[in-house]
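Thanks for coming. I will go through one chain today, and I will start with a term before I get to the fold.

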Amino acid sequence: MSTRANINFRDDSGEEIHVYRHSDGYPSIIEPDIDKAISIGSGRWSGSEIGLFVSLFLAMHYSDWKEKRLPDYELTAGVHGDEDYLYTVEYDREKKQWIRRETQKGF
């Protein structure tokens with residue numbers, strides 16, 4: 001059975017973009033992916049540029065698109081309800097950076 005996950009990206013005005021991963025949604029896999037995007041995007045995009053930040057995150061996981069049929073992550077309309085993990089990434093206005101806030105298991 002797949003370990004599904006959803007990443008909820010939220011800007012400083014409350015706008016949200018959801019990204020879904022169908023399998024291998026464990027924190028040991030997802031959290032380093034999020035942290036890498038935060039590291040690369042640090043200081044480049046503010047909270048109002050959420051689309052650009054999420055585009056960076058998605059682009060980072062299309063690097064082997066010639067060999068794979070599907071990317072690891074995809075845009076989705078929201079939380080499906082059958083995910084094993086929910087990750088939250090928010091723009092912190094005071095720190096002026098994107099932050100991985102929390103990981104919820106079996107929500």
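A salt bridge here is a side-chain nitrogen of Lys or Arg within 4 Å of a carboxyl oxygen of Asp or Glu. By that cut-off, Arg 100 and Glu 31 form one, at 3.4 Å from N to O. Arg 100 lies in strand β5 and Glu 31 in helix α1, so this pair ties together parts that are 69 residues apart in sequence. Glu 31 is buried, with a relative accessible area of 19%, while Arg 100 is partly exposed at 30%. Please keep in mind that this is a predicted model.

Now the sheet. Five strands form an open sheet, in the order β3-β2-β1-β4-β5, with mixed pairing. At the edges stand β3, residues 74-76, and β5, residues 97-105; each has a single partner strand, so one side of each is left without a neighbour in the sheet. From one strand to the next the twist averages 25 degrees. Strands β1 and β2 pair in the antiparallel sense, over six bridges, and Asn 8 stands opposite His 18 in β2. Helix α1, residues 27-41, packs on this sheet and touches β1, β2, β4 and β5. The direction of helix α1 makes about 170 degrees with that of β5.

Back to the charges. The structure holds nine salt bridges. What does Arg 4 form a salt bridge with? The partner is Asp 82, and the closest N and O atoms are 3.5 Å apart. Is Arg 4 buried or exposed? At 16% relative accessibility, Arg 4 counts as buried; Asp 82, at 42%, is partly exposed. Beyond its neighbours in sequence, Arg 4 touches several residues, including Tyr 20, Arg 21, Glu 83 and Tyr 85.

Arg 21 has a salt bridge too, with Asp 33, at 3.9 Å from N to O. Asp 33 lies in helix α1 and Arg 21 in strand β2, so the pair ties together parts 12 residues apart in sequence. Both Asp 33 and Arg 21 are buried. Arg 21 also lies over the face of Tyr 73, at 5.0 Å from the ring centre.

Last, the rings. A pair of aromatic rings is described by the distance of the centres and the angle of the planes. There are seven aromatic pairs. Phe 9 and Phe 53 make an edge-to-face pair, 5.9 Å centre to centre with 70 degrees between the planes. This pair links distant parts of the chain, with Phe 9 in strand β1 and Phe 53 in helix α2, 44 residues apart. Phe 9 and Phe 53 are both buried. Tyr 85 and Tyr 87 have ring centres 6.1 Å apart and planes at 25 degrees, so that pair is stacked. Tyr 85 counts as buried at 9% relative accessibility, and Tyr 87 counts as buried at 0%. Finally, ring pairs link Phe 9, Phe 53, Phe 57, Tyr 73, Tyr 91 and Trp 98 into a cluster. Tyr 73 in that cluster is the ring that Arg 21 lies over.

That is what I have.

Methods
Residues numbered from 1 in each chain as written. Predicted model: local features only at pLDDT ≥ 70, side-chain atom pairs only at ≥ 80, totals over all residues. Heavy atoms only, no water. Contact = heavy atoms within 4.5 Å. Pairing = 2+ DSSP bridges. Helix = DSSP H or I, 4+ residues; strand = E, 2+ residues; numbered from the N terminus. Axes fitted to C-alpha atoms, helices over the stretch in contact; angles between N-to-C directions. Phe/Tyr/Trp six-rings, centres within 6.5 Å; stacked < 30°, edge-to-face > 60°. Buried < 20%, exposed > 50% of the residue type's maximum accessible area, 1.4 Å probe, protein only. Lys NZ or Arg CZ within 6 Å of the ring centre and 35° of its normal. Lists of a residue's contacts leave out its neighbours within four places in sequence.
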